[in-house]
Amino acid sequence: MVEHMLFRRIEGLRGSVDELIEGVGGYFNGFTNYDYTAYVEVLPTEYAELGFEIESKRMINAAFDSGEFELERKIVLSEFDMNENDPDFRLMYRASMIAWDTHPYRYAVIGLRDDLNRVSRDELFRYYRRYYNPGNAVLVVVGGLSEDKATELANKYFGNIGSGGESGAVKPWDDGLQGRVRVELKALSDETPRLLITFKVPGAHDIDGLRRLILMDFVVSGDRAFVYGLTSREPMAVPRSSRLYRIVEEGLGDAVYSYYEVTYMNNLYSIIIYNVKDPPDKVIMRVEELIAERPSEDELGFAKERIRTRLAFSMDSPSKLGQIYGLSQLFMGDPRMLVSIIENATKIGDTEYVNFVDKLLGRSISIIYR
């Protein structure tokens, strides 16, 4: 809700964000994840200063007009309704409620309907004042500006903003899900039967665990974008070259998708199988067998080559590189650490892989939806 309000009226800007950015041929966006909210401008180099101006004023001068607030509430509630109508969203949400007892990751990022209906303009404004300050922000500049010019503009627009507010930093912690859980849910008559299998996996605070997870992901799912540019995140249809695609080849399901993105603390690695065949327990066992299988030298080589290719692709794109640097600084205090972790994932051997997934399989949730 706060993110939505920060695209509305901002005091001190000579126009709206969309008018200013699109008026010079640029692009803008924003998105909120479990751990952070990001605001993005892609601008011609000669108009780069406009991005600094917008973000500095967005940080302290959002108006939170009452009429605009009620409009954004309706927009966010409509997004909530779209999610609620998506069976995959409902299953992953149910899994997260099982995976954590008290941790906020148990809730969807969009929140709860009751909270969205009840929250007031003043509550959100107090949150904004509490956490939107330079001490909680990472500024990432990628592209045609020199480092000296970027520093000059950062000092010009952010140098006089007081630290104020409170820190949004948290210490990593985890709770819940110490074994395997199996749930059966009744699908609606017009919905495709499916199976969700999800595992508790390391977050970015566990550097060693994250590099092992990256290799496992490429062995099991075959491919993965490290960052998502300026688009939303969706489950990925696994390629035919992946281990998981054997589920389709063996007639145990009609399609297989997987979903994972880097978060600060432990999160879920999800596999969704559509039109899963009976008995579902056989499919669950087969998925675990595929994950646990020791990779061959050829299989490891192929996965590592895909990792290098994806990293090169991400670093060749200014928007993707900006996201990598921003996440790395936010999570690890070093803008280059995430790149280093991804590179180190290509040095893992078959024994380290097997030891990692053996522990992974011990904390899983299976939801049969039919």
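Modeller: Here is a walk through the salt bridges, then the aromatic rings and the hairpin beside them in the list, then the nonpolar cores.

Bear in mind that this is a predicted model, in which local features need pLDDT of at least 70 and side-chain atom pairs count only at pLDDT 80 or more, while totals for chains, interfaces and linings use all residues. Residues are numbered from 1 along each chain as its sequence is written, and side-chain values use heavy atoms, with hydrogens and water left out.

Salt bridges to begin with. I call it a salt bridge when a side-chain nitrogen of Lys or Arg is within 4 Å of a carboxyl oxygen of Asp or Glu, and that rule gives 37 of them. Take Lys 156 and Glu 49, whose side chains meet at 2.6 Å, N to O. Lys 156 belongs to helix α8 (residues 147–158) and Glu 49 to helix α3 (residues 48–60), so this pair ties together parts 107 residues apart in sequence. Helices (H or I, at least four residues) and strands (E, at least two) are DSSP runs, numbered from the N terminus. Lys 156 is exposed at 52% relative accessible area, whereas Glu 49 is partly exposed at 28%; the cut-offs are under 20% for buried, over 50% for exposed and partly exposed in between, with a 1.4 Å probe and protein chains only.

Helix α3 also holds Lys 57 and Glu 53, which sit 4 residues apart, or about one helical turn. Their closest N and O atoms are 3.8 Å apart in a salt bridge, and both residues are buried.

Then there's Arg 180 with Glu 288, a salt bridge with its closest N and O atoms 3.1 Å apart. This one links distant parts of the chain, with Arg 180 in strand β3 (residues 180–185) and Glu 288 in helix α11 (residues 280–292), 108 residues apart. Arg 180 is exposed at 53% relative accessibility, but Glu 288 is buried at 15%. Elsewhere, shared partners join Arg 182, Glu 184, Asp 278, Asp 281 and Arg 370 into one salt-bridge network.

On to the rings. Phe, Tyr and Trp rings (the six-membered one for Trp) pair if their centres lie within 6.5 Å; planes under 30 degrees apart are stacked, over 60 edge-to-face, and the rest tilted. The structure has 17 such pairs. Tyr 128 and Tyr 132 make a tilted one, 5.2 Å centre to centre with 50 degrees between the planes. Tyr 128 is buried at 0% relative accessibility, and Tyr 132 is buried at 19%.

As for Phe 28, its bridge partner in β2 is Glu 41. Strands β1 (residues 27–32) and β2 (residues 37–42) pair antiparallel over 6 bridges, where pairing takes at least two DSSP bridges. The two form a hairpin with 4 residues between them.

Finally, the cores: buried Ala, Val, Leu, Ile, Met, Phe, Trp, Tyr and Cys residues joined through side-chain atoms within 4.5 Å. The largest has 78 residues, and Ile 273 is among those touching the most other members. Helix α9 (residues 207–220) gives the most to this core, with 8 residues.
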